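Work through the exercises below with the sequence and the 3D view at hand. Try each task before you read its solution.

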Amino acid sequence: MSGPHLTHATRPVAELLRFDCTLCGGCCEGVRVPLYNEDEVARARAAARDLGLDVDPVDEGSLRMSGGQCVFLGADGRCSIHGQLGMERKPIPCRQFPLIALAAKNEHGEDETRVGIDPAAYGAFASWKQGSTLPDTQVVAASTPAPGGQDQLERALVRMCEDDDATVTGLLSVITREPAPRGELPPDFAARWASRVSEVRLAGFVELDGPGPVLKRGLGPVAQASAAWTDSPPAWPGLPDELDRWAVEALRRSLWLRLSANIPNVSVAALFVLGGAVAAAWTDPRPGPFVAALTAWLRALRFELFWKSLAVDQATLMWLATGQGPGPTR
Ligand code: SF4
């Protein structure tokens, strides 16, 4: 990669962009892939013709989903365009994935291209430190505005995540303005979050058609466990340093690359990512189940249906974030 303002953090970091694909097929489900222009639309239709698909692969400017999966995903969990027509025939976001490129402005108002690995790619955690480095390539950057025009808040939270001492519990204390001893969850937030997550009945979401099978497998245990969180939150199990660091890094990337930009407030987006880490840890803090649940949660957050069920209206949101107000009515 090259470019005058190509960056993957607000400050220079030594880490390279690393990733190894696990070939799980999970990245091609549960999220609609945007087609950037008419040429991309035509290319997708041409690929469908060449592959003998009898359905229009374009749906409202994105790749069509069927059963929660991209129509080009084969039964073997592989991309049929990639396998039969070649990598270069894939849409731009798929060719670049899990690299995300975002056209944004830096703090001086200059153009910059932010790049990073999507933390909701299922292999992201396993290859975070030791994975293969991505080859140098030109990137095509999407342009997504900061939610609510909150560029400064976005940058401030990203900087907090870049602090080596940042933790899930510490960041939650900052966002909810609720002090808690180091390493402990803000207790009132924990109670509110547990009751809200149990009330929304994640099991209903997991049964829908939209989330694909890999997402459902990751989120299923949280859906099951959270049904019992109605009266009081589970004890906070704590997170091993490595998992805590990963959850903070997942938040940093989510904000930096605006991966939850459909949530119209940066603090709320951050609260929901950290809340996902809490729900995953409450369910099972061992590395395998925790990472699978958090990854599925991050993908689920891209469904409006999912995050809007957590924050069904402004009053619920206010109560969830601050404890103020009457609380959820539904
Ligand atoms: S076109 Fe291929 S790589 Fe892109 S989402 Fe569909 S199956 Fe996955």
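The buried residues of α11 pack against α6 (187–199), α7 (202–206), α8 (213–226), α9 (241–256), α10 (266–283) and α12 (304–310). Buried means under 20% relative accessible area, exposed over 50%, partly exposed in between (1.4 Å probe, protein chains only). Helices (H or I, at least four residues) and strands (E, at least two) are DSSP runs, numbered from the N terminus.

This is a predicted model: local features need pLDDT of at least 70, side-chain atom pairs count only at pLDDT 80 or more, and totals for chains, interfaces and linings use all residues. Residues are numbered from 1 along each chain as its sequence is written, and side-chain values use heavy atoms, with hydrogens and water left out.

**Exercise 1. Helix α11**

Task: Compare the span of α11 with the expected span, then decide how enclosed the helix is.

Solution. 
- Step 1: Find the helix. α11 covers residues 287–300, which is 14 residues.
- Step 2: Apply the rule. The expected span is 1.5 Å times one less than the number of residues.
- Step 3: Compare. From first C-alpha to last, α11 reaches 20 Å, close to the expected 20 Å.
- Step 4: List the buried residues. They are F290, V291, A293, L294, T295, A296, W297, L298, R299 and A300.
- Step 5: Conclude. Ten of the 14 residues are buried, so α11 is largely enclosed by the rest of the structure.

**Exercise 2. The whole protein**

Task: How does the radius of gyration compare with the globule rule?

Solution. 
- Step 1: The protein has 13 helices and seven strands.
- Step 2: Compare. The radius of gyration is 20 Å, close to the 20 Å that the globule rule gives for 330 residues, so the protein is as compact as a globular protein of that length. The radius is taken over C-alpha atoms, and the rule is 2.2 Å times the number of residues to the power 0.38.
- Step 3: Along the principal axes, the C-alpha atoms fill roughly 55 × 45 × 35 Å.
- Step 4: Check burial. Buried residues make up 50% of the 330.
- Step 5: Look at contacts (heavy atoms within 4.5 Å). Of those with a separation of 6 or more, 73% join residues 24 or more positions apart.

**Exercise 3. Backbone details**

Task: Which peptide bond is cis, and where is P98?

Solution. 
- Step 1: The bond from F97 to P98 is cis, with omega near 10°.
- Step 2: P98 is in the loop between α3 (92–96) and β6 (99–105).

Task: What is the phi of R258, and is R258 buried or exposed?

Solution. 
- Step 1: R258 has a positive phi of about 55°, although it is not a glycine.
- Step 2: R258 lies in the loop between α9 and α10.
- Step 3: Its relative accessible area is 8%, so R258 is buried.
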